[in-house]
Amino acid sequence: MRIQRVVRDLVTTKRNFWLASKPLRVVEDASGELEVALDPIGAKTGDYVVTIGLSAARAAAGNPNITTDLTIGGIIDQWDEQRWRS
Amino acid sequence: MRIQRVVRDLVTTKRNFWLASKPLRVVEDASGELEVALDPIGAKTGDYVVTIGLSAARAAAGNPNITTDLTIGGIIDQWDEQRWRS
Amino acid sequence: MRIQRVVRDLVTTKRNFWLASKPLRVVEDASGELEVALDPIGAKTGDYVVTIGLSAARAAAGNPNITTDLTIGGIIDQWDEQRWRS
Amino acid sequence: MRIQRVVRDLVTTKRNFWLASKPLRVVEDASGELEVALDPIGAKTGDYVVTIGLSAARAAAGNPNITTDLTIGGIIDQWDEQRWRS
Amino acid sequence: MRIQRVVRDLVTTKRNFWLASKPLRVVEDASGELEVALDPIGAKTGDYVVTIGLSAARAAAGNPNITTDLTIGGIIDQWDEQRWRS
């Protein structure tokens with residue numbers, strides 16, 4: 001799993017049916033690179049989260065029909081940004 | 001999922017049977033690297049899209065027989081290119 | 001599989017049900033990049049471990065319902081940090 | 001999918017049974033990095049090809065028993081090398 | 001598939017049951033980065049090998065219960081190290 005930070009929500013009007021069933025969040029990693037994660041948990045902007053990739057992402061979405069390759073699996077209680085960014 | 005931009009269509013004469021059933025688009029990421037994504041949605045050149053990889057790519061193609069590893073899952077309504085490129 | 005070193009434990013209050021069933025460890029690779037691995041074996045901080053990714057990660061977790069994409073598969077007896085870091 | 005160029009064939013005397021059933025090609029990407037792809041289509045040295053990774057690679061091989069993680073899925077009709085290399 | 005070179009064996013006392021059924025080799029790629037591959041073929045230190053990743057790695061292990069994400073699939077007859085390293 002990776003450690004990422006929620007940057008903002010993502011709005012898409014035209015999208016895959018199953019992907020539309022849960023919120024999508026733009027997340028960044030330690031180097032600032034952006035990705036999009038499905039959020040079945042309810043993370044907020046600024047939260048540090050554990051994200052799950054691969055086939056486990058679909059299992060973590062709560063419904064294997066959801067076509068996600070990155071899903072938020074947990075919100076981290078305390079995270080040292082200094083350590084992460086360097 | 002990743003955020004990519006549609007650059008142009010891709011034409012292949014000799015190709016895998018199942019891959020031939022949907023349009024292929026050349027997409028680029030924030031660093032300009034090119035990949036090829038299956039497009040079951042109808043994105044146009046210049047659109048910013050959410051692309052789905054891994055086994056979810058096949059599910060998102062609408063038919064698990066389609067041998068894709070990257071599928072366009074949604075068209076993003078608004079995307080700040082400045083933020084993405086930097 | 002990859003060679004990583006256990007940095008510390010990870011605490012998450014709100015998390016995916018299945019992911020909560022085993023300890024999570026923050027691990028680093030040779031370049032210092034951090035990831036999170038499920039630990040069904042009982043590695044300790046400072047241990048060099050072999051980590052298993054992909055769908056094999058779930059199998060290695062001991063229960064395929066566990067939504068992990070990185071699982072500690074073994075503790076390495078001897079590892080030359082000099083060779084690894086360079 | 002990725003865009004790669006066929007560099008040459010690969011000869012391996014001792015190899016996995018299923019991997020032996022189709023030709024293997026050494027392919028390079030835009031940065032010159034080399035990988036090995038299974039070729040069920042008949043690409044020639046110098047051809048630009050679309051390669052399929054992940055579990056879709058096995059499906060594209062025409063037989064799911066073939067243990068490939070990268071399979072040539074199509075030959076590209078026209079490709080601008082200048083654009084690709086830069 | 002990727003082209004890697006066998007650097008040495010890896011010894012782990014405490015490890016996943018299924019992972020223990022075949023030898024593990026430390027392999028390096030062209031940039032010198034180290035990984036660990038399962039070896040069902042019998043490669044020797046110094047051999048250039050084709051390694052199989054993803055779900056195909058488990059199939060190539062000869063037993064899908066083996067929790068590997070990288071498996072040696074073949075030994076390359078001739079490999080030009082100059083070309084590989086540059």
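## A buried aspartate to start with

D47(C) is buried, with a relative accessible area of 18%. Here, buried means under 20% relative accessible area, exposed means over 50%, and partly exposed is anything in between, using a 1.4 Å probe and protein chains only. This residue, D47(C), sits in the loop between β4 (34-38) and β5 (48-53) of chain C. Strands and helices are DSSP runs numbered from the N terminus: H or I over at least four residues makes a helix, and E over at least two makes a strand.

If you skip its neighbours within four places in sequence, D47(C) is in contact with Q4(C), R5(C), V6(C) and I75(C). A contact is a pair of heavy atoms within 4.5 Å. G74(C) is 27 residues away from D47(C) along the chain, and their C-alpha atoms are separated by 10.0 Å.

## What kind of model this is

This is a predicted model, where local features need pLDDT of at least 70 and side-chain atom pairs count only at pLDDT 80 or more, while totals for chains, interfaces and linings use all residues. Residues are numbered from 1 along each chain as its sequence is written, chains are lettered from A and ligands numbered from 1 in the order in which they are written, and side-chain values use heavy atoms, with hydrogens and water left out.

## Chain A as a whole

Chain A is built from two helices and six strands. Reading from the N terminus, the order is β-β-β-β-β-α-β-α. Its radius of gyration is 13 Å, close to the 12 Å that the globule rule gives for 86 residues, so chain A is as compact as a globular protein of that length. (The radius is taken over C-alpha atoms, and the rule is 2.2 Å times the number of residues to the power 0.38.) Along its principal axes, the C-alpha trace of chain A spans about 40 × 25 × 20 Å.

Of the 86 residues in chain A, 57% count as buried. Take the contacts in chain A between residues at least 6 apart in sequence, and 55% of them join residues at least 24 apart. The accessible surface of chain A comes to about 3500 Å², with 49% of that belonging to carbon and sulfur atoms. These areas come from the Shrake-Rupley method with a 1.4 Å probe, and for residues only the protein chains shown count as cover.

On the charge side, chain A carries 11 positive and 11 negative side chains, and the centres of the two sets lie 7 Å apart. Lys and Arg count as positive, Asp and Glu as negative, and His and the chain ends are not counted. Each charge is placed at NZ of Lys, CZ of Arg, CG of Asp or CD of Glu.

## How the copies are arranged

Some pairs do not touch: chain C and chain D have their nearest C-alpha atoms 10 Å apart. Likewise, no contact joins chain B and chain E, whose closest C-alpha atoms lie 10 Å apart.

## Residues at and away from the chain boundaries

R8(A) lies in strand β1 (residues 2-9) of chain A and counts as partly exposed at 33% relative accessibility. Not counting residues up to four places away in sequence, R8(A) touches R25(A), V26(A) and T45(A), plus Q78(B) and W79(B) from chain B.

G53(B), in strand β5 (residues 48-53) of chain B, is buried with a relative accessible area of 8%. Beyond four places in sequence, G53(B) touches D69(A), D69(B) and L70(B).

E33(A) is in the loop between β3 (24-28) and β4 (34-38) of chain A, partly exposed with a relative accessible area of 46%. Outside the four places either way in sequence, E33(A) touches V27(A) and E28(A).
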